[in-house]
Amino acid sequence: MSERGDLRIVKFDNLVAIFNASLLWEYRSLLLRGLAYNFYVFAVAGALAISLGLSIAVLRLQPGWIARSIGSVYVEVFRNVPEYVLLIWVHFVLPLLITALLRSQVNFSPFVSAVLALGLAYGGYFTEAFRGGIQAVPRPHVEAARAIGMSGAMTLRRIILPQAIRHMLPEGMNLLVSLFKATTLVSLIEVPDLLYQVTIVVQQEMRPLPLYSGAAFIYFLLIFFISAAVDRLTQRWRVAWR
């Protein structure tokens, strides 16, 4: 074999060695624990965001200008502050403010900071989704519920919310997908998620290319299949409500 051919084989072997993803399998238990943290943060922050979104949406639809103003300020602030900045602020600055107010040392764990920051941020987006869904409910339906003696809370629970959720479901599911994407930022404050664990392994093995590429591929597969499932679910939901 010619010298040029040998050189090509050597280069190919080196390339295979560089892209060898066997380390992902070797450290699979550690990486799976990290991925589980992504889902923990996603689940708790999602529950907080949905709860805040519904509460603030109802507040924004109140007749009083004070309630509407409070809701509007919340939406404008948390929809326009980047998640990265909010993570840093909640983890490092908010405990200092609370400590100064209470005159007692307060610290947030990275998990709590991540949940608060992402929950507050996406609560602003869910507020607008809920508000749009509620406003899309036909007014005669609400008036009919009140005419038969339903209270405001019962009207909201039995008449408004089921229809509002139908209208906002596609946007709401897309927001949840975006929220899961945002969980990739939590390693910045040392939440031991997948990316944080990959970074630890990279520091030990000094092989960033296959490890970071593998992490990117894992996130791609997860988000791709979640997005596909969301599209199918929303289509079925809309068909069921026709």
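Predicted model: local features only at pLDDT ≥ 70, side-chain atom pairs only at ≥ 80, totals over all residues.
**Group meeting talk: charges, rings and a pocket**

Arg-131 takes part in a salt bridge with Glu-128, and their closest N and O atoms are 2.9 Å apart. Both of these residues belong to helix H6, where they are 3 residues apart, or about one turn of the helix.

How many salt bridges does the structure hold? There are 2. Glu-128 also forms a salt bridge with Arg-60, and here the closest N and O atoms are 2.5 Å apart. This pair links distant parts of the chain, since Glu-128 is in helix H6 while Arg-60 is in helix H3, 68 residues apart. Glu-128 and Arg-60 are both buried. Through shared partners, the salt bridges join Arg-60, Glu-128 and Arg-131 into one network.

One further charged residue deserves mention. The charged end of Arg-28 sits over the ring of Trp-25, at 4.1 Å from the centre of that ring.

I turn now to the aromatic rings. The count of aromatic pairs comes to 9. In one of them, Tyr-37 and Tyr-40, the ring centres are 5.8 Å apart and the planes meet at 65 degrees, so the pair is edge-to-face; the cut-off for that class is an angle over 60 degrees. Tyr-37 and Tyr-40 are 3 residues apart in helix H3, which spans residues 28-60, and this spacing amounts to about one helical turn. Are these two tyrosines buried, exposed or partly exposed? Tyr-37 is partly exposed, at a relative accessible area of 31%. Tyr-40 is likewise partly exposed, with a value of 48%.

A second example is the pair of Phe-42 and Phe-180, which is edge-to-face, with 5.7 Å from centre to centre and 85 degrees between the planes. Phe-42 lies in helix H3 and Phe-180 in helix H8, so this pair ties together parts that are 138 residues apart in sequence. Phe-42 counts as partly exposed, at 22% relative accessibility, whereas Phe-180 is buried, with a relative accessible area of 3%.

Elsewhere in the chain, ring pairs link Phe-217, Phe-220, Phe-224 and Phe-225 into a cluster.

My last topic is the largest pocket. Its volume is about 370 Å³. Which residues lie closest to its centre? Of the 14 lining residues, they are Leu-61, Ile-134, Arg-146, Leu-156 and Ile-160. At least two residues of the lining come from each of helix H6 (110-135), helix H7 (139-147) and helix H8 (152-182). Helix H8 provides the largest share, with 4 residues. By type, the lining of the largest pocket consists of 8 nonpolar, 4 polar and 2 charged residues.

Thank you for your attention.

Terms used. Residues numbered from 1 in each chain as written. Heavy atoms only, no water. 1 Å grid on protein atoms, 1.4 Å probe; cavity = no way out; pocket = protein on both sides within 12 Å on 5 of 7 lines; lining within 4 Å. Points joined across faces, edges and corners; volume = space filled by probe spheres on them. Nonpolar A, V, L, I, M, F, W, Y, C, P; charged D, E, K, R; others polar. Phe/Tyr/Trp six-rings, centres within 6.5 Å; stacked < 30°, edge-to-face > 60°. Buried < 20%, exposed > 50% of the residue type's maximum accessible area, 1.4 Å probe, protein only. Lys NZ or Arg CZ within 6 Å of the ring centre and 35° of its normal. Salt bridge = Lys/Arg side-chain N within 4 Å of Asp/Glu carboxyl O.
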